[in-house]
Amino acid sequence: MASPLKLCMLSGSFEYDSEESLTIFRDYVARDYPVRTTLIVYQNEDDDQSLKPVDDADVLLVFTRRLNTGGEELERFKAYCAAGKPVVGVRTASHAFQNWLDFDKEVLGGSYAMHWDHGPEARVRFELAAAGHPLLTGVSEFNSAGSLYRNTPIADDASLLMSAAAAEHDEPVTWTRLHRGGRIFYTSIGHQEDFREPNFLRLLA
């Protein structure tokens, strides 16, 4: 019997109640997948959490926002990425650490430039070229309550899976790429209400 996948999740996106949202996701994957999760929770932007569990993680999920992490712990995070290990980025992961904003461009393959004003719900749709992609198996199109992030353009080597439109704006919201051989998945979706949407939980899983 295969060992459970070791999933390490970083919570530190306070505007989006990431601790509550990632707890919902942790319970979701625990029901259906052979996964052992470690949830590291930052209490504020200056909290100095140990990232030692990252060293042994099979996959790292990042849902933080402008944390002031530096020194040894930031270097530990960078070393994980440099080793070409899998990373999942959720919403504010595009600006996860204030002392390494290039994480977005270098690892996730994005170009975060703030967000459009909050308006009507965004309709999340599949890209035609992504039809049949395994990450979309069992996932239907859905609406997201969060404002659209400005993420155009994404990296040339990224594979766009989903876009979303709200009002007159249209943006990429979900893509994958390889970074040093490691698989990367990023989505700018991640409002509190999105974690109550079964299709989003399935996509993230």
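What radius of gyration would a compact globule with 205 residues have, and what does the protein chain have? The rule gives a value near 17 Å, and the protein chain comes in at 16 Å, which agrees. Keep in mind as you look around that this is a predicted model.

Start with the whole chain in cartoon view. Its C-alpha atoms fill a box of roughly 45 × 40 × 30 Å along the principal axes. Colour by secondary structure and you can pick out 4 helices and 9 strands, which run along the sequence as β-α-β-β-α-β-α-β-β-β-β-β-α. If you colour by burial instead, 50% of the 205 residues count as buried.

Next, select V88, L135, R183, L204 and A205. Of the 25 residues lining the largest pocket, these are the closest to its centre. The pocket holds about 700 Å³ of space. By class, the lining has 18 nonpolar, 3 polar and 4 charged residues.

Stay with β8 and β9, and select W175 and Y186. Their rings form a tilted aromatic pair, 4.9 Å centre to centre with 45 degrees between the planes. Because W175 lies in strand β8 and Y186 in strand β9, the pair ties together parts that are 11 residues apart in sequence. Both W175 and Y186 are buried.

For the last stop, select F77, F97, W100 and F103: ring pairs link these residues into a cluster. In total, the structure holds 8 aromatic pairs.

Terms used:
Residues are numbered from 1 along each chain as its sequence is written. This is a predicted model: local features need pLDDT of at least 70, side-chain atom pairs count only at pLDDT 80 or more; totals for chains, interfaces and linings use all residues. Side-chain values use heavy atoms; hydrogens and water are left out. On a 1 Å grid over the protein atoms alone, a cavity is a set of points where a 1.4 Å probe fits but cannot get out, and a pocket is an open set with protein on both sides within 12 Å along at least five of seven lines; lining residues have an atom within 4 Å of a point. Grid points are joined across faces, edges and corners, and a volume is the space filled by probe spheres set on the points. Ala, Val, Leu, Ile, Met, Phe, Trp, Tyr, Cys and Pro count as nonpolar, Asp, Glu, Lys and Arg as charged, and the others, Gly among them, as polar. Rings of Phe, Tyr and Trp (its six-membered ring) pair if their centres lie within 6.5 Å; planes under 30 degrees apart count as stacked, over 60 as edge-to-face and the rest as tilted. Helices (H or I, at least four residues) and strands (E, at least two) are DSSP runs, numbered from the N terminus. Buried means under 20% relative accessible area, exposed over 50%, partly exposed in between (1.4 Å probe, protein chains only). The radius of gyration is taken over C-alpha atoms; the globule rule is 2.2 Å times the number of residues to the power 0.38.
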